[in-house]
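Subject: Structure for you to look at

Hello,

Here is the structure I said I would pass on. Please have a look at it before reading my notes.

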Amino acid sequence: MPKPTKPPKPPTTAPSDIENGLIANGHFPIAGVDEVGRGPLAGPVVACALILPQGVVIEGVNDSKKVSEKKRERLAVLIKEAAICYAYGIVSPSEIDRLNILQATLAAMAMAIDGLETTPKFALVDGTTPPKCACKVICVPQGDAASHLIAAASILAKVKRDTMMKELHSLHPQYSWDANKGYGTAAHREAIKSFGLCSEHRRTFCERF
């Protein structure tokens with residue numbers, strides 16, 4: 001009787017053809033850039049940019065949405081230890097309301113890229129719209145599932161924003177941001193109906209409540 005086979009492990013991102021091609025043509029350093037928090041009703045949008053040494057692949061790194069919270073936190077430590085540098089861009093709810101979410105996202109990405117201690121020659125950015133920054137940008141649709149650099153940036157951005165939302169929960173516990181991270185869960189929507197909006201809500205996202 002054949003032995004049962006183990007289920008395959010979830011795929012881990014590896015350096016993309018774009019990364020390998022740039023490095024092969026002498027273009028280094030390269031930054032990976034991603035953002036989190038486009039959809040929540042509350043809290044900031046957070047972007048991260050990072051540069052890893054050539055050839056460094058951190059086992060387990062993947063699109064942050066495909067990695068559990070505990071694993072993201074462990075991977076974030078490894079990514080920070082391995083990185084040449086990393087930086088965040090954070091745009092507040094009031095700025096999101098003023099700019100709109102797309103422009104706020106691009107502003108956060110630009111802030112993160114320009115905040116790096118080492119200026120990259122290229123930035124690989126998740127998505128289809130490039131931010132305006134001090135280096136050349138290559139947009140990679142669904143980049144957090146295709147590029148190791150972008151996936152690593154997505155993990156740092158996610159852990160950073162989740163930590164911020166847990167801290168904000170201590171100031172506004174009625175909205176349960178420690179659990180929902182500001183997203184529009186049924187409990188969060190009911191809390192808005194009961195308690196109204198606070199300074200951390202995106203008012204343009206909450207007009208229907």
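The notes below cover the fold, the surface and the cysteines.

This is a predicted model, in which local features need pLDDT of at least 70 and side-chain atom pairs count only at pLDDT 80 or more, while totals for chains, interfaces and linings use all residues. Residues are numbered from 1 along each chain as its sequence is written, and side-chain values use heavy atoms, with hydrogens and water left out.

Fold. The chain has seven helices and five strands, taken as DSSP runs (helices H or I, at least four residues; strands E, at least two) and numbered from the N terminus. Their order along the sequence is α-β-β-α-β-α-α-β-β-α-α-α. Of the contacts (heavy atoms within 4.5 Å) between residues at least 6 apart in sequence, 66% join residues at least 24 apart.

Surface. Buried residues (under 20% relative accessible area, 1.4 Å probe, protein chains only) account for 47% of the 209 residues.

Cysteines. A disulfide is counted when two cysteine sulfur atoms lie within 2.5 Å, and the count here is zero. For Cys 48, the closest cysteine sulfur is in Cys 85, at 9.8 Å, which is too far for a bond. Cys 48 is buried, at 0% relative accessible area. Cys 206 is in no disulfide either, as the nearest cysteine sulfur, in Cys 198, is 9.1 Å away. Cys 206 also counts as buried, with 3% relative accessibility.

Regards

How values were computed. Buried < 20%, exposed > 50% of the residue type's maximum accessible area, 1.4 Å probe, protein only.
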